[in-house]
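Notebook open, model loaded. I jotted down what I looked up, in the order I looked.

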Amino acid sequence: TSTYGTGEVVLDALNRGCRQFIMGLGGSATNDAGIGMLAALGVRFLDKSGNRLDPQGSNLMHIASIDDSHLHPALLESSFIIACDVNNPFYGPQGATFVYAPQKGASDEEVIALDKGLQHYAAVIEEQKGIHIASIPGAGAAGGMGGGLLPFLRATLKPGIDTILEILNFHESLQDADLVFTGEGKLDAQTAMGKALGGILRIAHEQHVPVIALGGGVEATTQLNEMGFTAVLSIQPAPVSLDKAMQKEFTLNNIERTVTQLLRIIQHFTPNSLSPESKHKS
């Protein structure tokens, strides 16, 4: 339950000449505020007697000072985009520990202890670095890694979907499109809140392109329509088991069938609206 391994990956990349990084935060099963990763990159965490602490969540409470004088020198010329789709603060009722640690197996007692550790560590960071990370949206991502890395790296927290769509040049691809098909496993009230489909919908609306969302299952149809989706549709042809619904070939066939039928409807009522060129771009 340490982020030390992530630091080893970054260290290897640095030694291979990489200087621009995109890190995706989520599903970490850690709660060490990123001190494991930082330790792998040369940062030392010391207790009040000056002894070096193992970089793990249970030791956050015991950190009295931080020595980053041995931080890998290549980090001075490196930049990090930290892709994060949650806005949880560093600690507190909506913070890293109380929201996510129980999902990772932490007991009630461990949750309280880990949250106190994050509070203490944030105070040390503010004292030594002059940076108040506690209330930064997304600081609680991946067990506090979102906020814990900011004082030590040239890093920017950024929504994951914005990062991916930028890499894909999605804005440019959308300019000649008449229609966007998108989707995910389950369409529900959370679909447009910080997830991929929310980012796609926002950019498509900016360019006045309608969006149809397809899902293996659909809930909250009215709410999704109010969010701006032109339509939300299930791809399932009939009631099936979850195992069957998740089989790749079955899913691909269902998507193709559903999209084909939708395009047949569109072409029937607006035969000239989709030229061969624009259909290819849609």
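Predicted model: local features only at pLDDT ≥ 70, side-chain atom pairs only at ≥ 80, totals over all residues.

I started with β1 (20–24), which runs parallel to strand β4 (residues 79–83) with 5 bridges joining them. Strands are DSSP runs of E, at least two residues, helices are runs of H or I, at least four, and both are numbered from the N terminus; two strands pair if DSSP finds at least two bridges between them. In β4, I found I82 opposite M23. β4 also pairs with β5, again parallel, over 4 bridges, and there F80 has A155 as its bridge partner.

Residues are numbered from 1 along each chain as its sequence is written, and side-chain values use heavy atoms, leaving out hydrogens and water.

**Helix α5**

Next I checked α5 (residues 141–148): 8 of its 8 residues are buried (under 20% relative accessible area; exposed is over 50%, partly exposed in between; 1.4 Å probe, protein chains only). M145 is one of them. The cover includes α1 (4–15), α4 (108–129) and β5 (155–158).

**D188**

Then I went to D188, in the loop between β6 (180–187) and α8 (196–206). What does D188 touch, not counting residues up to four places away in sequence? I get E219, A220 and L224, with contact meaning heavy atoms within 4.5 Å.

**I164**

Last, I looked up I164 in helix α6 (residues 160–167). I164 counts as partly exposed because its relative accessibility is 44%.
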